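This report goes through selected local features of one model, moving from sheets to side-chain packing. The sequence and the structure come first.

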Amino acid sequence: MKKIFLSLTMIAASLSFAQKKEIANAVKAADQGDVNGTAAEVSKAEAIFGDKIYLLEPSLQEQYYYAKGLGLVKAGKIAEGAQILSKITDLGKSTIYSGKDNDKNKVYFVGKEQADKLGAGLSLKEEKYSPSLASKLGNQLNASYQTINKKAYDLYQAKDLAGAAKQFEEAYYLSKAAGAENQSLLYSSAVSYAQGNKKEESARVFDQLIAMNYTGVETVYTAKNKKTNAVDNLDKATFDLYKKMGASSDYTDFKEEKTPSKEEEMYDIQSALLMEMEKYDQAIDVAQKGLKKFPNNAKLGNTLGLAYYKAGKTEEFVNSLKSQIAKNPNDAVNYYNLGVVLSKDASKQKEAEEAFNKSISLDPSNKNALTNMVYLIMGDDSKTVDEFNALRKAKKIDEANKVMELRRARFAKAIPYAEKAYALDPKDADMVSLLKGLYNATQNTAKYNEFKAKEAELKK
């Protein structure tokens, strides 16, 4: 038994040595620009640890990402390689959770999310790691970064928005891999994808930006040029230098200003994109998160309500509308939407009528609110007619007449709303026909004849 144990230990040690050797060879090949050699050595290493990168200690993970990513970049697969290289930055920023798994293998999980997913139940300790290869990447990647960044702006100017978005995204990952992460490039990618009608891609990138708590806030340094009287933008080092020079400086009127945050706008765009893609539950999640940060954002509130409605979550929709109305009691649209959803519940007809009336009072030109009010007051007329005929057949004449009296009263109440809707659009054939019927039912012969003639004219 003892010999078997020693054999297993020796096998594990030899595998560990092998993968270290393959990864070291891959790094050497990458530094030499040997694309094929790098790919071959990386493949050998991957054959040992598979997709279980967490079995590699952080220094080996860094070397593996360095070799594989740099090899892909030099092979022309910029986006894929840059994303892998950017994981080196994550190694330096994230907490490393280390320990042993149930098979006694040493494990190194990068970040809490990976630790929770793959290391649940294990006894793990927290540690930090400082990458050593990141400094080598700046010179290696600078030429590619400059080329791709320029291409992104050129494509954007040429209105090739989807192409620009892809290049902006590649430039971002290259900047991150080189240790000078420029998140504004990722924002430019998300916006360009959206403008290019690439909704899925745009939503994916906005999701990344929101997850990384990107705000877009930057400090802009400006000063007035004494020679030209123009206000110039300066980098921080130049700004500080000239400012310290005082009166002998070529500049005056030094100002530091913060650019506006883009965070609220991102929640607006992302939730709208998800609605367009009919991903209503995801839209609800984004809108809710946005409203926690920006509770007075009416656009997010409306999106949340609509997402509830589209997802069939009626109670949540009603509560959302009432919440928005409480924040903005002069919003005619929210009152209208509340009226629509309440009108579908027979027990809430009075509340629906109040909501429609409020919407109409705030916006008298809301034809939809007027029309919905007409039908709400009229009720289910086919059901009324059936009830009347049944009572007549049963020779319950008084009860039948009472049904007709109540019907006429409802129609008389509905007429003013129908007339206002007609005044907004006199060529609406449906409203003309509806008014003709209402006048007939209320025994207004003159009006009935007038609208009968209008109906005939519109049918010509």
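In which loop is Lys104 found? Lys104 lies in the loop between S1 and S2, where helices (H or I, at least four residues) and strands (E, at least two) are DSSP runs numbered from the N terminus.

## Basis of the description

The model is predicted, so local features are reported only at pLDDT of at least 70 and side-chain atom pairs only at pLDDT 80 or more, while totals for chains, interfaces and linings use all residues. Residues are numbered from 1 along each chain as its sequence is written, and side-chain values use heavy atoms, with hydrogens and water left out.

Three strands form an open antiparallel sheet in the order S2-S1-S3, two strands being taken as paired if DSSP finds at least two bridges between them. Its edges are strand S2 (106–110) and strand S3 (124–127), each of which pairs on one side only. On average, and with direction ignored, neighbouring strands of this sheet are turned by 25° against each other; such angles run from 0 to 180 degrees between N-to-C directions, and the axes are lines fitted to C-alpha atoms, for helices over the stretch in contact. Strand S1 (residues 96–100) pairs with S3 in the antiparallel sense over four bridges, and within this region Ser98 stands opposite Lys125 in S3.

Lys104 has a positive phi of about 70° although it is not a glycine. Most residues other than glycine have a negative phi. Lys104 is also exposed, with a relative accessible area of 65%, on a scale where buried means under 20%, exposed over 50% and partly exposed in between (1.4 Å probe, protein chains only).

S4 and S6 pair in the antiparallel sense over six bridges, and Asn225 stands opposite Tyr251 in S6.

Thr222, in strand S4 (residues 219–225), is buried with a relative accessible area of 9%. Leaving aside neighbours within four places in sequence, Thr222 is in contact (heavy atoms within 4.5 Å) with residues including Val231, Phe239, Asp253 and Phe254. Asp253 lies in strand S6 and has a phi near 55°, a positive value in a residue other than glycine; at 47% relative accessibility, Asp253 counts as partly exposed.

## Aromatic pairs

A search of the whole structure finds 15 aromatic pairs, where rings of Phe, Tyr and Trp (its six-membered ring) pair if their centres lie within 6.5 Å, with planes under 30 degrees apart counted as stacked, over 60 as edge-to-face and the rest as tilted. In one of them the rings of Phe49 and Tyr64 have centres 5.2 Å apart and planes at 90°, so the pair is edge-to-face. Phe49 lies in helix H2 (residues 35–49) and Tyr64 in helix H3 (residues 58–74), so the pair ties together parts that are 15 residues apart in sequence. Phe49 is buried at 5% relative accessible area, and Tyr64 is buried at 7%.

The rings of Phe239 and Phe254, with centres 5.5 Å apart and planes at 85°, also form a pair that is edge-to-face. This pair links distant parts of the chain, with Phe239 in helix H10 (residues 236–245) and Phe254 in strand S6 (residues 251–258), 15 residues apart. Phe239 is buried, with a relative accessible area of 0%, whereas Phe254 counts as partly exposed at 22%.

Met266 lies in helix H11 (residues 263–276) and is buried, with a relative accessible area of 1%. Leaving aside neighbours within four places in sequence, Met266 is in contact with Tyr187, Phe206, Leu209, Ile210 and Tyr214. Met266 and Tyr214 are 52 residues apart in sequence and 9.3 Å apart in space, C-alpha to C-alpha.

The charged end of Lys262 sits over the ring of Tyr187, 5.3 Å from its centre, a description that applies if NZ of Lys or CZ of Arg is within 6 Å of the ring centre and within 35 degrees of the ring normal.
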